[in-house]
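User: I'd like to learn how to read the features of a protein model. Please walk me through this one, a feature at a time.

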Amino acid sequence: MIKLDITKATQFVGCEKVKAFEAEVASAKQALEDGSRPGSDFLGWMHLPTSITPEFMAEIQACADVLRANCDTVIVAGIGGSYLGARAVIEALGNSFAWLTNKGENPNILFAGNNIGEDYLYELTEYLKDKNFGVINISKSGTTTETALAFRLLKKQCEEQRGKEMAKKVIVAVTDAKKGAARTTADKEGYTSFIIPDNVGGRFSVLTPVGLLPIAAAGFNIAELVRGAQDMEKATSLNASFDEDITAQYAAVRNALYNDGKKIEILCNYQPKLHFMNEWWKQLYGESEGKDGKGIFPAAVDLTTDLHSMGQWIQDGERTIFETVISVESPEHKLLFPSDDENLDGLNFLAGKRVDEVNKMAELGTQLAHVDGGVPNIRLVMPRLNEYYLGQVIYFFEKACGISGYLLNVNPFNQPGVEAYKKNMFALLGKPGYEAETEAIKARL
């Protein structure tokens with residue numbers, strides 16, 4: 001199992017302040033079980049891992065196998081929770097240079113619909129001109145601007161390059177069960193489709209078809225991912241005591257630090273493959289907690305890379321931060337540091353050591369320096385970077401997020417602030433139905 005070490009954080013606030021949250025944490029966990037607080041309509045993720053059946057997994061895998069057999073490239077069209085979880089897992093498990101070295105064993109998984117960059121979309125469509133590509137369109141409504149725009153482009157290009165019949169075979173919809181533009185299109189065109197459960201919000205949807213289908217299409221073991229999440233669900237059940245439940249401890253210590261003036265949490269990793277795990281985590285916590293004028297600001301760095309950019313600020317800047325470090329105990333490959341006769345760089349003292357040993361000493365040295373510099377440190381330890389432990393990490397962060405949001409007395413499962421930019425954008429574009437807003441915003445400008 002993954003492990004949590006909070007000792008380098010409690011030394012700043014005291015164990016008693018963390019323990020003082022025990023009753024509130026128990027109340028928050030109970031509310032997540034019985035739906036007695038705001039957001040109760042979106043608690044489907046809570047027991048999602050243990051509700052997944054072998055038959056459902058087989059259905060996901062069968063669709064993924066069709067894509068794998070007929071595509072050299074699969075585009076995942078989605079934004080926010082509709083792509084970040086899948087991308088986090090795919091990039092954590094995949095070869096960092098697969099897009100250059102792909103020998104046809106697995107399709108390349110690319111992502112679109114998460115921005116409105118014209119150059120990006122142009123370059124993507126140009127790249128796809130000689131590719132046998134398919135599309136996984138992930139959108140509950142089918143009208144989210146970024147995703148709908150990308151899907152319209154990709155659908156047209158896929159049909160033109162591969163023909164309507166093959167396009168129907170390699171375009172898959174992950175959407176609402178009954179309503180919305182994406183559902184209407186899927187039914188009309190005859191696409192294979194999967195349902196986004198009504199009671200699971202996007203940022204909690206990695207273990208639904210939103211995440212499982214792209215991950216399976218990439219060639220990874222979704223059964224192991226789900227098994228890891230199942231084990232974490234069981235380990236953090238309502239019956240688990242505060243001292244046994246690492247999600248309870250994480251939620252408590254970060255809120256104790258927040259109350260003590262630590263307003264920014266920086267998620268750190270020492271594995272480049274975890275960059276998009278940082279991005280998924282930022283959305284999960286930012287969208288869940290940042291409301292009503294409250295919330296810990298979620299930031300992230302990739303170390304040791306960012307020690308040469310953000311390292312100065314973390315070490316000596318304003319003391320309003322704390323760090324949570326994801327540490328991977330054992331890498332998947334072995335590479336020894338070579339000796340050099342001239343030793344011009346002075347690094348022969350490292351000859352024969354594993355590169356990971358150097359990385360681990362950098363991690364330990366950084367922790368000591370940052371703690372000495374007044375930065376509380378939380379450490380989440382993964383034995384290995386594989387599907388099973390990633391499943392545990394995903395559920396760990398989701399459960400802790402729900403608890404932590406309730407400790408802050410906010411609804412962790414809505415995102416009212418996300419709509420503000422959309423209203424202005426639609427008004428500026430002159431979308432039908434926004435005539436009054438268009439006139440009002442023109443007057444402002």
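Analyst: Let's begin with strand pairing: two strands count as paired if DSSP finds at least two bridges between them. Strands (E, at least two residues) and helices (H or I, at least four) are DSSP runs, numbered from the N terminus. Keep in mind that this is a predicted model, in which local features need pLDDT of at least 70 and side-chain atom pairs count only at pLDDT 80 or more, while totals for chains, interfaces and linings use all residues. Residues are numbered from 1 along each chain as its sequence is written, and side-chain values use heavy atoms, leaving out hydrogens and water.

User: Which residue in β3 stands opposite Val-76?

Analyst: Phe-111 does. The strands behind that pair are β2 (residues 73-77) and β3 (residues 108-112), which run parallel and are joined by 5 bridges. β2 also pairs with β4 in the parallel sense, again over 5 bridges. There, Ile-75 has Val-135 of β4 as its bridge partner.

User: Why is β2 described as largely enclosed?

Analyst: "Buried" means under 20% relative accessible area, "exposed" over 50%, and "partly exposed" in between (1.4 Å probe, protein chains only). In β2, 5 of the 5 residues are buried, so the strand is largely enclosed by the rest of the structure. In a regular strand, side chains alternate between the two faces of the sheet. Here both faces are covered: Thr-73, Ile-75 and Ala-77 are buried on one side, and Val-74 and Val-76 on the other.

User: How many residues of helix α12 are buried?

Analyst: The count is 9 of 9 for α12 (residues 209-217), so this helix is largely enclosed by the rest of the structure. Val-210 and Pro-214 are among those buried residues, and both are contacts of Ile-138. Just after α12, Gly-219 takes a positive phi of about 100 degrees.

User: Which helix makes a right-handed β-α-β unit with β5 and β6?

Analyst: First, the handedness: with the strands pointing away from you, a right-handed crossover runs clockwise from the first strand over the helix to the second. Helix α11 (residues 181-189) makes such a unit with β5 and β6. Those strands, β5 (residues 171-175) and β6 (residues 192-195), run parallel and share 4 bridges; Thr-175 is partnered with Ile-195 in β6.
β7, helix α15 (residues 275-289) and β8 make another right-handed unit. Here 6 bridges join β7 (residues 264-269) to β8 (residues 297-302), in parallel, and Glu-265 stands opposite Pro-298.

User: Which residues touch the most other members of the largest nonpolar core?

Analyst: A nonpolar core is a set of buried Ala, Val, Leu, Ile, Met, Phe, Trp, Tyr and Cys residues joined through side-chain atoms within 4.5 Å. The largest one has 116 residues, and Trp-280, Leu-390 and Phe-397 touch the most other members. Helix α18 (residues 387-407) gives the largest share of this core, 13 residues. Apart from it lies another core, of 10 residues, including Tyr-270 and Val-301.

User: What lines the largest cavity?

Analyst: On a 1 Å grid over the protein atoms alone, a cavity is a set of points where a 1.4 Å probe fits but cannot get out; a pocket is an open set with protein on both sides within 12 Å along at least five of seven lines, and lining residues have an atom within 4 Å of a point. Points are joined across faces, edges and corners, and volume is the space filled by probe spheres set on them. There are 2 cavities of 30 Å³ or more, and the largest holds about 50 Å³. Its lining includes Tyr-270, Ile-326 and Asp-356, with the largest share, 4 residues, from α17.

User: Which helix gives the most to the lining of the second largest pocket?

Analyst: That's α15, with 5 residues. This pocket has a volume of about 1000 Å³, and of its 37 lining residues, the closest to the centre are Ile-79, Gln-283, Glu-287, Gln-415 and Lys-422.

Note on methods:
Contact = heavy atoms within 4.5 Å. Lists of a residue's contacts leave out its neighbours within four places in sequence.
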